[in-house]
Amino acid sequence: MNKNDDILVSVEHLKKYFHVKGMKGPGVQAVEDISIFIRRGETLGLVGESGCGKTTLGRTILQLHEPTSGKIIYDGEVIFDGENPWKPGADGTMTEVKVSKPKQVNMLPYRRKMQIIFQDPSASLDPRMTVGEIIGEALDIHKLYNSKADRADRIKELLSTVGLNTEHANRYPHEFSGGQQQRVGIARALAVNPEFIVCDEPISALDVSIQSQVVNMLEDMQHELGLTYLFIAHDLSVVRHISNRIGVMYLGTMVELAESYELNRNPMHPYTQTLLSAVPVPDPQLSRSRQRIILEGDIPSPMNPPTGCRFHTRCPHATEKCRMEVPEFKEYAPEHWAACHML
Ligand code: SF4
């Protein structure tokens with residue numbers, strides 16, 4: 001990929017497999033050979049059906065899951081570099097071979113710079129801690145204050161940044177609505193002055209009425225604080241509103257990536273075309289004239305993904321080549337990548 005601009009985060013050939021007890025082979029192949037970059041100050045949206053690996057990709061970049069192999073580079077520093085221990089044997093089955101230990105750095109300084117906002121705010125906040133304690137915990141781990149008064153002031157400042165009252169610091173998570181709980185989750189992520197935030201479906205557990213408030217707040221904070229986001233969602237209509245560029249994932253692979261407007265105007269990959277056909281349009285006439293593409297069959301298991309193009313079992317254009325060969329993720333137009341033999 002061409003990377004002429006100011007890249008904050010990039011991954012190269014990243015894979016994440018989850019071992020399954022009692023099962024031979026690599027297990028769940030949740031992230032398969034993904035190479036992307038995120039520019040400083042931009043929002044990269046990530047979409048795909050549930051189970052496609054987008055959350056795993058976000059968490060693997062943060063090394064909340066240890067990568068199986070590939071490279072992760074943060075602000076020019078390689079923070080993970082590991083060789084893939086799984087090689088296809090002569091009969092095509094994957095065999096584990098001995099590889100050298102991956103290069104890994106101490107993540108504590110990077111934990112400050114790279115944060116996450118979780119999908120379900122009620123599950124991600126400890127019910128036994130007050131909001132002040134939850135936000136203060138991150139300040140304590142990274143020793144980000146000089147005195148107790150500084151700590152209390154910083155907690156108040158963070159609460160008001162996310163639109164909560166300063167006296168909310170003494171309350172417990174269950175005393176808040178879902179939208180307010182997510183604001184606490186955002187304040188916790190902001191506490192350490194991060195540069196990069198993985199927003200892992202931050203609004204999907206919220207009422208529709210407050211989703212836009214949270215999205216607007218995230219956008220405002222990005223402009224004020226110069227944040228870089230990886231914004232994960234299953235709803236393309238949300239992602240295209242907030243993202244500069246959008247990546248589309250299918251069964252652990254990145255199938256298309258382009259600037260947001262370009263992806264909406266000129267989707268190249270058959271899977272992206274399917275996703276876009278399902279996005280409602282406000283114009284009733286246009287809506288009637290548009291044909292919704294319905295995919296046949298269920299999404300296959302990442303424990304036993306299809307050979308060749310992973311989408312071939314559901315793609316209306318699949319050929320023998322698609323069943324045999326993995327399509328290369330290539331730049332077909334400036335800043336527009338896709339993985340499809342048909343292109
Ligand atoms: Fe469909 Fe083949 Fe393209 Fe995969 S490579 S999306 S199966 S046409």
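Me: At 36% relative accessibility, how does Asp75 count?

Reply: This is a predicted model, in which local features need pLDDT of at least 70 and side-chain atom pairs count only at pLDDT 80 or more, while totals for chains, interfaces and linings use all residues. Residues are numbered from 1 along each chain as its sequence is written, and side-chain values use heavy atoms, leaving out hydrogens and water. A residue is buried under 20% relative accessible area, exposed over 50% and partly exposed in between, with a 1.4 Å probe and protein chains only. With 36%, Asp75 is therefore partly exposed.

Me: Where does Asp75 lie, and what is its phi?

Reply: Helices (H or I, at least four residues) and strands (E, at least two) are DSSP runs, numbered from the N terminus. Asp75 lies in the loop between E4 and E5. Most residues other than glycine have a negative phi. Asp75 is a residue other than glycine with a positive phi, near 50°.

Me: Which residue meets the side chain of Asp75 in a salt bridge, at 2.7 Å?

Reply: Side chains of opposite charge can pair when their charged atoms come close. A salt bridge is a side-chain nitrogen of Lys or Arg within 4 Å of a carboxyl oxygen of Asp or Glu, and by this rule there are 14 salt bridges. For Asp75, with 2.7 Å from N to O, the partner is Arg40.

Me: How many residues apart are Asp75 and Arg40?

Reply: The salt bridge joins the side chains of Asp75 and Arg40. Asp75 is in the loop between strand E4 (69-74) and strand E5 (77-82), and Arg40 is in the loop between strand E2 (28-39) and strand E3 (43-47). Arg40 is partly exposed at 35%. The pair links distant parts of the chain, and the separation of Asp75 and Arg40 in residues is 35.

Me: Which residue forms a salt bridge with Asp126, and is that partner buried or exposed?

Reply: The closest N and O atoms of Asp126 and Arg128 are 3.0 Å apart, which makes a salt bridge. Asp126 is partly exposed, at 22%. Its partner is Arg128, which at 67% counts as exposed.

Me: Which helices hold Arg151 and Asp140?

Reply: Arg151 and Asp140 form a salt bridge, with the closest N and O atoms 2.8 Å apart. The pair ties together parts 11 residues apart in sequence, because Arg151 lies in helix H5 (residues 148-161) and Asp140 in helix H4 (residues 131-141). Arg151 is partly exposed at 21%, as is Asp140 at 32%. The helices are H5 for Arg151 and H4 for Asp140.

Me: Which residues do salt bridges that share partners join into one network?

Reply: Arg151, at 21%, and Asp140, at 32%, are partly exposed. Salt bridges that share partners join one network, and its residues are Asp6, Arg40 and Asp75.

Me: How many disulfides does a search of the whole structure find, and how far from Cys199 is the nearest cysteine sulfur?

Reply: A disulfide is a covalent bond between the sulfur atoms of two cysteines. Here it is counted as a pair of cysteine sulfur atoms within 2.5 Å, and the search finds zero. Cys199 is in no disulfide, and the nearest cysteine sulfur, that of Cys52, is at 16 Å.

Me: What is the place of Glu335, and what is its phi?

Reply: Glu335 is in the loop between strand E14 (330-333) and strand E15 (336-338). Glu335 is partly exposed at 26%. Although Glu335 is not a glycine, its phi is positive, at about 65°.

Me: What distance separates the C-alpha atoms of Arg245 and Gly45?

Reply: Arg245 is in strand E12 (residues 245-250) and is buried, at 4%. Arg245 and Gly45 are 200 residues apart along the chain, yet their C-alpha atoms are separated by 6.2 Å.
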